[in-house]
Amino acid sequence: QRFPVWGFGAKYNNTVRHCFQCGTDVEVEGVQGIMDAYRGVFRTPLTMSYPTKFVEVIETSSSYAQHEQESASELGKLSYTILLILTAGNVEDVQETKQYLMNASQHPLSVVIVGIGDADFAGMRFLDDFDASAEEGRDITKFVRFNDYKSYTALSEAVLDEIPGQLVDFFYDRGILPSTGEEYDENDVEIRPEDDEERTFTFLG
């Protein structure tokens with residue numbers, strides 16, 4: 001499976017960029033491709049920088065998600081995108097971020113944010129405080145603190161537990177129901193082993 005990899009919060013030629021492509025390819029292959037693209041950033045003149053802003057990445061992901069769904073629809077299929085943000089800092093502009101997430105909720109997109117390191121992520125709690133009775137849009141965001149989990153399995157469960165409901169809500173609210181299943185040969189189904197926990201935790205720090 002192929003994924004786009006974007007970075008944010010990096011300085012180049014004294015200008016902070018809040019959304020940029022990691023690596024030379026628009027999309028990369030699998031987890032190893034993501035890791036290679038990420039590491040490749042540090043072989044360029046880019047340097048990590050504050051402030052921490054998500055809005056451009058959220059906006060880019062919204063456009064990507066909508067484009068993928070439109071392309072899938074032409075083939076009689078469905079597409080739903082999950083944006084995974086890894087951050088070592090608190091988001092700077094809470095209200096602006098909430099507005100962009102509200103706008104993004106109109107697209108087939110969920111946003112998972114993982115706080116990495118020993119920073120105080122108290123400023124990120126608003127991401128899990130969506131109130132459907134008082135706010136527009138739908139709940140598409142989940143925040144987890146990496147250091148709260150001691151195993152890859154526990155972290156995966158926490159990261160993904162709200163995704164199925166968010167996906168169903170998006171399509172059901174628009175009257176889009178799953179199509180009938182396609183016939184397939186089970187011998188053609190490839191089941192890949194789960195990622196190595198040591199490698200995952202090394203990558204995330």
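**View 1. Phe 54 and its contacts in the predicted model**. Beyond its neighbours within four places in sequence, Phe 54 is in contact (heavy atoms within 4.5 Å) with Phe 8, Ile 85, Thr 87, Val 91, Ile 113 and Met 124. Since this is a predicted model, local features need pLDDT of at least 70 and side-chain atom pairs count only at pLDDT 80 or more, while totals for chains, interfaces and linings use all residues. Residues are numbered from 1 along each chain as its sequence is written, and side-chain values use heavy atoms, with hydrogens and water left out.

**View 2. The largest nonpolar core**. A nonpolar core is a set of buried Ala, Val, Leu, Ile, Met, Phe, Trp, Tyr and Cys residues joined through side-chain atoms within 4.5 Å; buried means under 20% relative accessible area, exposed over 50%, and partly exposed in between (1.4 Å probe, protein chains only). The largest one here has 20 residues, and Phe 54, Leu 83, Ile 85, Val 111, Ile 113, Met 124 and Leu 127 have the most contacts inside it. At least two of its residues come from each of α2 (55-74), β8 (81-87), α3 (94-104) and β9 (109-115); helices (H or I, at least four residues) and strands (E, at least two) are DSSP runs, numbered from the N terminus. Another core, of 9 residues, lies apart from it and includes Val 112, Val 114, Phe 146 and Ile 163.

**View 3. The open sheet**. Here three strands line up in the order β8-β9-β10 with parallel pairing; two strands pair if DSSP finds at least two bridges between them. The edge strands, β8 and β10 (141-145), each pair on one side only. Look for the 7 bridges that join β8 to β9, and for Ile 85 standing opposite Ile 113 in β9.

**View 4. The buried face of α3**. Thr 97, Leu 101, Met 102 and Ala 104 are buried in α3. Seen down the helix axis, the buried residues of α3 fall within an arc of 160° (taken from the directions from the axis to the C-beta atoms), so they line one face of the helix. Their cover includes α2, β9 and β10.

**View 5. An aromatic pair, Trp 6 and Tyr 64**. Rings of Phe, Tyr and Trp (its six-membered ring) pair if their centres lie within 6.5 Å; planes under 30 degrees apart count as stacked, over 60 as edge-to-face and the rest as tilted. Trp 6 and Tyr 64 are edge-to-face, at 5.9 Å centre to centre with 80° between the planes. The partners sit 58 residues apart, Trp 6 in strand β2 (residues 6-7) and Tyr 64 in helix α2.
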